[in-house]
Amino acid sequence: LAVAVAAAVGLLGLAGLGLLVATLRRRLRPLTAEEQRAKIRGDVEGTAKRAEELLGKEPVNYDDPELIAAVEKLKAHKDYVKALCGAPWKDWSAPGSCQVCKCRVDRKEKGLHCANGGHRICWKCMCGEMDWEKLCDAEMGKLQAGGRRDGQYKK
């Protein structure tokens with residue numbers, strides 16, 4: 001350990017080593033509830049942003065494993081958004097325009113379809129309409145039920 005510390009001081013200097021230690025302390029301590037909520041929201045919004053980026057490529061590769069995984073992750077949160085008609089969201093089944101931004105939702109990879117059939121929502125707008133409090137409460141409840149002692153939220 002002494003050799004490793006000496007090597008780190010040699011490479012980083014004392015100021016750099018202090019910054020490294022502070023960073024490690026922050027990363028090793030359990031997240032506060034507020035930090036967990038921010039991480040959950042950031043992860044979901046980041047997934048939606050990445051899905052939109054992948055859908056914006058020409059040509060779109062609908063078989064891209066990253067896009068498929070992102071869509072599945074986003075669909076898992078559909079219960080925390082309501083359609084304009086109040087119906088729950090279902091998997092996409094017919095083309096139409098997003099109820100918020102009016103972009104085309106003409107494939108299952110692009111968004112959801114309401115149970116009544118009249119509304120669609122794209123992934124970006126789904127995040128804008130999300131009931132974040134309920135979603136975060138549910139995700140944090142899963143952490144507690146899963147026995148995570150450190151309280152850390154994982155993607």
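**Exercise 1.** Determine which residue caps the N-terminal end of helix α3, and which face of α3 is buried.

*Solution.* D64 caps the N-terminal end of α3, with a side-chain oxygen 2.8 Å from the backbone nitrogen of E66. The model is predicted: local features need pLDDT of at least 70, side-chain atom pairs count only at pLDDT 80 or more, and totals for chains, interfaces and linings use all residues. Residues are numbered from 1 along each chain as its sequence is written, and side-chain values use heavy atoms, leaving out hydrogens and water.

Next, the buried residues (under 20% relative accessible area, 1.4 Å probe, protein chains only) of α3 (residues 65-75) are L67, A70, V71, L74 and K75. Seen down the axis of α3, these fall within an arc of 130 degrees, so they line one face of the helix; the arc is that of the directions from the helix axis to the C-beta atoms. The buried residues of α3 pack against α2, β1, β4 and α4 (123-129), contact meaning heavy atoms within 4.5 Å.

**Exercise 2.** State which residues R37 touches, beyond those up to four places away in sequence.

*Solution.* R37 lies in helix α2 (residues 33-55). Its contacts are E133, C136, D137 and M140. The C-alpha atoms of R37 and D137 are 8.2 Å apart, although 100 residues separate the two in sequence.

**Exercise 3.** Give the order of the strands in the open sheet.

*Solution.* Three strands, paired antiparallel, follow the order β1-β4-β5; strands pair if DSSP finds at least two bridges between them. β1 (89-91) and β5 (120-122) are at the edges with a single partner strand each, so one side of each has no neighbour in the sheet. Three bridges join β1 to β4 (residues 111-114), and W89 stands opposite C114 in β4.

Technical notes. Helix = DSSP H or I, 4+ residues; strand = E, 2+ residues; numbered from the N terminus. Buried < 20%, exposed > 50% of the residue type's maximum accessible area, 1.4 Å probe, protein only. Polar contact = N/O pair within 3.5 Å; in protein donor to acceptor, adjacent residues only side chain to side chain.
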